[in-house]
Amino acid sequence: MSVSSELLINEGSMRRNRAVRRFGQIGLWLNPVFAYFFLWAPIVILVLFSFNDSRSVASFTGFTLKWYNNILNNVMGAERAFSTEIMLNAFRNSLFVGTVATAIATALGAMIALALARGNFPGKKLIDGLLFLPVVIPEITQAISLAIFFKVAFDWIATISGERIFPGFHTIIMAHVTFNISFVAIVVRARLADMDPQLEEAANDLGANPWRTFWRITFPLVLPGVVSGALLAFTLSLDDFVITFFTSGVGTSTLPVFVYGLLKLTVTPEVNAISTIMMVLSTLLIGISLVLQARSASRV
Amino acid sequence: MKKLMLLITILCLLAPGAIAQDMEHEPWTCPDGYEGQTLSIFNWSTYIAEDTVPNFEEACGVTVNYDIYESNEAMLARIRQGNPGYDIIVPSGGAVQRMAEEMLLIPLDLEMIPNIANVIPDLLGPAYDPENKYSLPYQWGTVGVGYSTEVFPDGIHSWDQVWEHDGPVAWLDDRQTMLGIAHLFLGNDPNTTDPDEINAARDYLIEKGGNVVTVAADDGQVLLERGDVDIAVEYNGDILQISWDCECDDYAYAIPEEGSNVWIDNLSIPVDAPNPELAMVFIDYILDAKVGADLTNYIWYASPNQASIDSGYIDEEILNDPAIFPPPEQVANLFAIIDVGAEAEALINNAWDELLIFLGQ
């Protein structure tokens, strides 16, 4: 009895194991398929409809380049349509805000990361904890608090100096820098943590002053982290809607705010076209940064 | 003698044409003293003709900043937290009333706006702003039913056809409009604040909403276009948009004979506007016969401008479309929505939420 039943049990569990493994194999194979499908399908549709002949997004009627042509004509100034002009304006605003906010946030964020990793000063723990705040608090909370802060500050300035300040690029950029600093700092800190502190000590031993050590040793080594942080910041800045909406002034709508404003009516394929251009641009940027990082990594 | 008579007759026939020629509309001219100034406009998206702003910039020698919003609430949120610097906003009726109560609007100086004489008299002094102290009409339209002409070859004339249709229907997620229609059937004031009447309207709609598949947040036209519904209760402009997009006769718009909601979007000046004088000049410009006609020809909403309508600047096709300019006997049955106050609004919100639950939304 015992031998045969044991065999049976073994065979049963083996069969079960095999079934589980098989299921796992299929699952493992399906996982990336679904992941990429859900990630890319909407983007493919967006790109596809930027070539749609009809203004509607309900059906694809034919291939056309006219939406890109409209944008190009407006850029070249050959034919200025008011509706395209305000969209392009939003696009330019997005790029401008993104670039300036990224530059400031990257510099500040990298400095904070360095101070927290290498320095020792009172309140370090507190700053370390506070750094994560913009990452964890809901965006809407930050947006409203920034909006109220600017209003109070501007009212205060108005009563003191009599000068009325309106929100505009400066408020959007300040707001974007505020949340971007954290992201940059976190990315750069991760890179610093991976770095061997002995390299800096060795530089010191060999007589380099801290300034020289920073530029010759630390900075080149954290550069990939700084670049990734900057790219992350730029992407977040381009994407941001909620905070921008609450801090923007007159004529400073960025592309997401503009597109949101279109919701009342049908979103035109021109918006698809400009989104496609933006996507190609950011893909290019990320590609360049990846190439740069691979090069610097192979050199070390 | 006969020849002379004939000549006179011909001259008489020609005369109106000749007079019309003589009265060729003079282009709007900007008052002096605004060169180099800036005007900031906050308007709904796709709600202005391509050349309206550039022409104004040229006429006055000014620069215009132009931003868009997608709902009254979004615009209100921006102005409430402190006007970021807009001179012109385009709130709809209820929003004008609410903003006036919250002291968010600057009273208009009607003397600076002589073209107020062009406005259709019936549209002046609306319930939400009885003396036009804060607002003048920009464009207006109606809520009605968009339907598939394949399913309804004979058209829709009554809300009963909507209630009784054996097929998918989309309502508009505009509580005061939908309840207002029910109030019409029950013989009550569409803007009633009476709790019993509001509940009665809710029950009426629950009873009639068996065929409702969705209560759409202003995208009923897309559902109709995709064939998901046969009827969509929607704004007239949205239904016209899909007919225009597909260049076909598959969809039509009708205002049922029992009546429906009329909405009016208005030009107003928000509090703390940096340049209210230029804003009033702009309002006067918009109310010019030619400018108003160009607006309507581009965005296909009804013009509140009698002079535009009379001058013949508006395309015949638009002027004769009952979906855009409803015939007078229908206008009489239209109701405007006013701000009913916080107490009634809470009642309406509750009634609407209950209704949505009953309809399985």
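A residue is called buried if 20 or more other C-beta atoms, placed from the backbone, lie within 10 Å of its own, exposed if 12 or fewer do, and partly exposed in between. By that rule Trp300(B), with 20 C-beta neighbours inside 10 Å, counts as buried. The model is predicted, and local features need pLDDT of at least 70, side-chain atom pairs count only at pLDDT 80 or more, while totals for chains, interfaces and linings use all residues. Residues are numbered from 1 along each chain as its sequence is written, with chains lettered from A and ligands numbered from 1 in the order in which they are written.

**Two domains of chain B**

- Chain B is assigned domain 1 (38-140 + 263-326) and domain 2 (141-262 + 334-358), the bounds coming from an automatic or database domain assignment.
- The C-alpha centres of domain 1 and domain 2 of chain B are 26 Å apart, and the contact between them takes 17 residues from domain 1 and 13 residues from domain 2, where two residues are in contact if their C-beta atoms, placed from the backbone, lie within 7 Å.
- On the side of domain 1 of chain B that touches domain 2, the elements giving two or more residues are helix H4 (93-101), strand E4 (136-148) and strand E9 (261-267); helices (H or I, at least four residues) and strands (E, at least two) are DSSP runs numbered from the N terminus.
- H4(B) gives the most to this side of domain 1, with 4 residues.
- The residues of this side of domain 1 divide into 12 nonpolar, 4 polar and 1 charged, where Ala, Val, Leu, Ile, Met, Phe, Trp, Tyr, Cys and Pro count as nonpolar, Asp, Glu, Lys and Arg as charged, and the others, Gly among them, as polar.

**Positive phi in loops**

- Met103(B), in the loop between H4 and E4 of chain B, has a positive phi near 60° although it is a residue other than glycine, and Met103(B) is exposed, with 8 other C-beta atoms within 10 Å.
- Trp300(B), likewise not a glycine, has a positive phi of about 60° and sits in the loop between helix H11 (289-299) and helix H12 (306-311) of chain B.

**A parallel sheet**

- An open sheet of 3 strands in chain B has the order E2-E1-E3 with parallel pairing, and two strands pair if DSSP finds at least two bridges between them.
- Strand E2 (63-69) and strand E3 (88-89) of chain B are the edge strands, each pairing on one side only.
- Strand E1 (residues 38-44) of chain B pairs with E2(B) in the parallel sense over 7 bridges, and Leu39(B) has Val64(B) in E2(B) as its bridge partner.
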